[in-house]
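This report describes selected geometric features of a predicted model. It covers a pocket, helix packing and the backbone.

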Amino acid sequence: MTTSSIRPKKKFGQNFLRDQNVIRSILALVKPCQEDNVLEIGPGTGVLTKGLIQSGAVINAVEIDSNLCRLLSEKFQNNTNFILHQCDILQFDLKELKKASKPWKVVGNLPYNIATKILIDLLSHPSLFTKMVVMTQLEVAEKIVAAPHTSNYGRLSIALQRKARVNIKLKLGKECFFPEPKVNSAVLEIRPKEKKIRNDFEIKFSDLTRSAFNNRRKAISNSLKDFFSSDELLSLGLNPKDRAQNLSIETYEKLTNFLMLRERKEFGR
Ligand code: SAM
């Protein structure tokens with residue numbers, strides 16, 4: 001089986017990287033070395049995989065497409081540091097990665113239709129990973145890195161920036177891929193933060209930001225009226241006339257803590 005015999009499948013978001021400069025730049029951002037464990041998501045025909053393997057790192061690659069898995073198995077059959085998992089990354093048990101003695105780096109030119117879902121799943125285990133270098137649609141990357149007071153700032157920015165430092169490292173045109181996608185792309189570097197995850201806090205935080213951003217044009221006195229009175233917002237140092245996009249991540253955390261405390265008092269917990 002050869003790379004040229006592969007017909008790209010739209011349903012798996014197969015837009016293969018063909019620009020060697022971009023491939024080199026991504027590998028330079030990952031800086032794989034012999035001591036690393038690397039999780040590669042969607043290796044495709046193996047254009048990034050090759051450089052990762054050559055670094056001596058141990059590569060665990062997760063690919064859904066059986067044809068591509070056959071190609072990759074043949075291509076890298078002599079490389080003992082290459083382990084291929086033929087499965088859906090959304091079904092892959094990330095907890096299994098905890099068994100490794102060293103933390104993981106993640107690399108992937110992600111299938112764009114499920115990129116945010118993949119990133120949210122990965123960041124629900126922040127302590128597992130030291131660094132992620134991933135390609136997404138430019139529009140999504142801009143939402144991920146957006147700061148408060150901008151129109152791109154929203155639940156996605158908050159969900160990811162709470163758990164990681166995020167930066168756009170490269171912006172790419174459609175011509176870097178075969179077949180050309182309809183959208184531009186960007187490479188993000190994501191460095192997870194040490195953060196304790198408490199499920200009850202996460203649920204409340206998520207309810208609060210959903211309510212704020214589902215009504216993003218409304219003042220928070222209105223969009224958050226089921227949670228806080230205007231007086232409570234004032235006592236917490238907020239302007240009730242502000243909108244969802246004016247509140248920092250720390251402010252949403254402060255509001256969630258207030259709700260948790262109030263609930264504990266009410267129920268005597
Ligand atoms: N890394 C290759 C490259 O840069 O040329 C391929 C990138 S292509 C944009 C996305 C890859 O993810 C494809 O190989 C596709 O088959 C794979 N893929 C799509 N959905 C997947 C899923 N749910 N789980 C694992 N791999 C998936």
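## The largest pocket

The largest pocket holds about 460 Å³ of space. It is lined by 31 residues, of which Phe12, Gly13, Gly42, Asn109 and Pro111 are the closest to its centre.

Several secondary-structure elements contribute to this lining: β1 (16–17), β2 (37–41), α2 and β3 (58–63) each provide at least two residues. By class, the lining of the largest pocket comprises 19 nonpolar, eight polar and four charged residues.

## Packing of α1 and α2

Two packed helices are described by the angle between their axes and the distance between the axes. For helix α1 (residues 20–30) and helix α2 (residues 47–54), the angle is about 40 degrees and the axes are 10 Å apart. Angles under 35 degrees count as roughly parallel and those from 65 to 115 as roughly perpendicular, with the rest, unless over 145, termed oblique; α1 and α2 are therefore oblique to each other. The crossing of α1 past α2 is right-handed.

On the α1 side, the contact is formed by Ile23, Ile26, Leu27 and Val30, and on the α2 side by Val47, Leu48, Gly51 and Leu52. Seven of the residues in this contact are nonpolar and one is polar, while none is charged. Helix α2 also supplies at least two residues of the lining of the largest pocket.

## Packing of α7 and α10

Helix α7 (residues 199–214) and helix α10 (residues 249–266) cross at roughly 120 degrees, and their axes come within 9 Å. This angle makes α7 oblique to α10. The crossing of these two helices is right-handed.

From α7, the contact involves Asp200, Phe201, Lys204, Phe205, Leu208, Thr209, Ala212 and Phe213. The contact of α7 with α10 divides into ten nonpolar, three polar and four charged residues.

## Backbone features

Most residues other than glycine have a negative phi, and most peptide bonds are trans. Two sites in the model are described here against that background.

Lys31, which is not a glycine, has a positive phi of about 50 degrees. This residue is located in the loop between α1 and β2. Pro179 is placed in the loop that lies between β8 (177–178) and β9 (185–192).

Terms used: Residues numbered from 1 in each chain as written. Predicted model: local features only at pLDDT ≥ 70, side-chain atom pairs only at ≥ 80, totals over all residues. Heavy atoms only, no water. Axes fitted to C-alpha atoms, helices over the stretch in contact; angles between N-to-C directions. Helix = DSSP H or I, 4+ residues; strand = E, 2+ residues; numbered from the N terminus. Left-handed = near helix turned anticlockwise from the far one by under 90°. Contact = heavy atoms within 4.5 Å. Nonpolar A, V, L, I, M, F, W, Y, C, P; charged D, E, K, R; others polar. 1 Å grid on protein atoms, 1.4 Å probe; cavity = no way out; pocket = protein on both sides within 12 Å on 5 of 7 lines; lining within 4 Å. Points joined across faces, edges and corners; volume = space filled by probe spheres on them.
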